[in-house]
Amino acid sequence: MVAIVKIRGSVFIGGLQWLPAMTEPETGLIHEYAGDAREFTPHAVHTGRSRVEQEVVVDFVKRKLFAFADTGTTTLRVTKPEGISEFKQGKASADGVTVSDETWDASSVSFIMKATAANPLRPAAPAVDYELRVTVREETGQVVAKGSHDGFPCFEFYKQVDFGDFELLHSHDFRVTGDSPAAMAGDMEYHFERNL
């Protein structure tokens with residue numbers, strides 16, 4: 001029997017120190033948002049290098065879920081036409097990063113991990129979203145995950161059984177698919193199912 005299974009998910013702007021600059025035609029101001037300057041790894045939690053972090057610890061001994069959620073700091077560099085830059089920072093609320101529909105039976109638990117987080121410096125911009133329906137089996141630590149997410153930015157989901165190695169459940173890289181920040185608008189367009 002398995003005692004502890006962790007499900008870890010994060011959303012991050014991979015590989016980029018700064019997103020491509022946007023220039024306001026009427027003012028000449030150049031806006032650049034900071035990326036997360038990292039690649040895929042299960043070990044980025046608590047480093048400030050993700051837009052969203054979520055972890056659910058399934059404790060089969062206590063028959064309880066323990067949830068952690070956080071958002072990263074958003075940094076905007078605004079450069080004036082004369083070349084002077086100023087920086088603005090904000091942190092999105094983690095209220096939209098939730099665990100719900102917790103259901104236990106004799107040999108497994110099911111729950112939904114969900115995240116919706118908007119850019120705190122551009123409240124009118126679309127939020128980044130994912131939803132993951134998870135079932136964890138006590139006998140083996142097997143995870144059945146069915147999820148959806150936006151096309152931008154990068155998404156990663158992992159499982160860990162009894163403090164062993166993290167195993168990849170699913171990843172999405174906007175640099176591979178060619179998605180841009182516009183992919184955060186509308187419905188979640190990417191779907192996956194994994195049995196691990």
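**Ground rules.** I number residues from 1 along each chain as its sequence is written, and side-chain values use heavy atoms, with hydrogens and water left out. Because the model is predicted, local features need pLDDT of at least 70 and side-chain atom pairs count only at pLDDT 80 or more, while totals for chains, interfaces and linings use all residues.

Grid points are joined across faces, edges and corners, and a volume is the space filled by probe spheres set on the points. I found one cavity of 30 Å³ or more. The largest cavity has a volume of about 40 Å³. I then listed its lining, meaning residues with an atom within 4 Å of a point. Arg8, Ser10, Arg38, Thr41, Pro42, Ala44, Val45, Ser50, Glu156 and Tyr158 make up that lining. I sorted them with Ala, Val, Leu, Ile, Met, Phe, Trp, Tyr, Cys and Pro as nonpolar, Asp, Glu, Lys and Arg as charged, and the others, Gly among them, as polar. Strands here are DSSP runs (E, at least two residues), numbered from the N terminus. β1 (4-12) and β12 (154-161) each supply at least two residues of this lining.

Two strands pair if DSSP finds at least two bridges between them; β12 and β13 (residues 166-172) run antiparallel and are joined by six bridges. Their hairpin has four residues between the strands, and Asp162 there takes a positive phi near 45°.

**Pockets.** A pocket is an open set of points with protein on both sides within 12 Å along at least five of seven lines. I noted about 500 Å³ for the largest pocket. Its lining has 25 residues, with Ile13, Leu19, Asn119, Phe152 and Met184 nearest the centre. They divide into 19 nonpolar, four polar and two charged. The second largest pocket holds about 180 Å³. Of its 13 lining residues, Ala34, Gly35, Asp36, Gly48 and Arg49 are closest to the centre. The division there is three nonpolar, seven polar and three charged. Strand β6 (residues 73-79) gives the largest share of that lining, three residues.

**The sheet with β6.** I traced an open, antiparallel sheet of four strands in the order β2-β3-β6-β7. β2 (22-23) and β7 (85-91) are the edge strands, each pairing on one side only. Seven bridges join β6 to β7, and Thr79 has Ser85 as its bridge partner in β7.

Methods: 1 Å grid on protein atoms, 1.4 Å probe; cavity = no way out; pocket = protein on both sides within 12 Å on 5 of 7 lines; lining within 4 Å.
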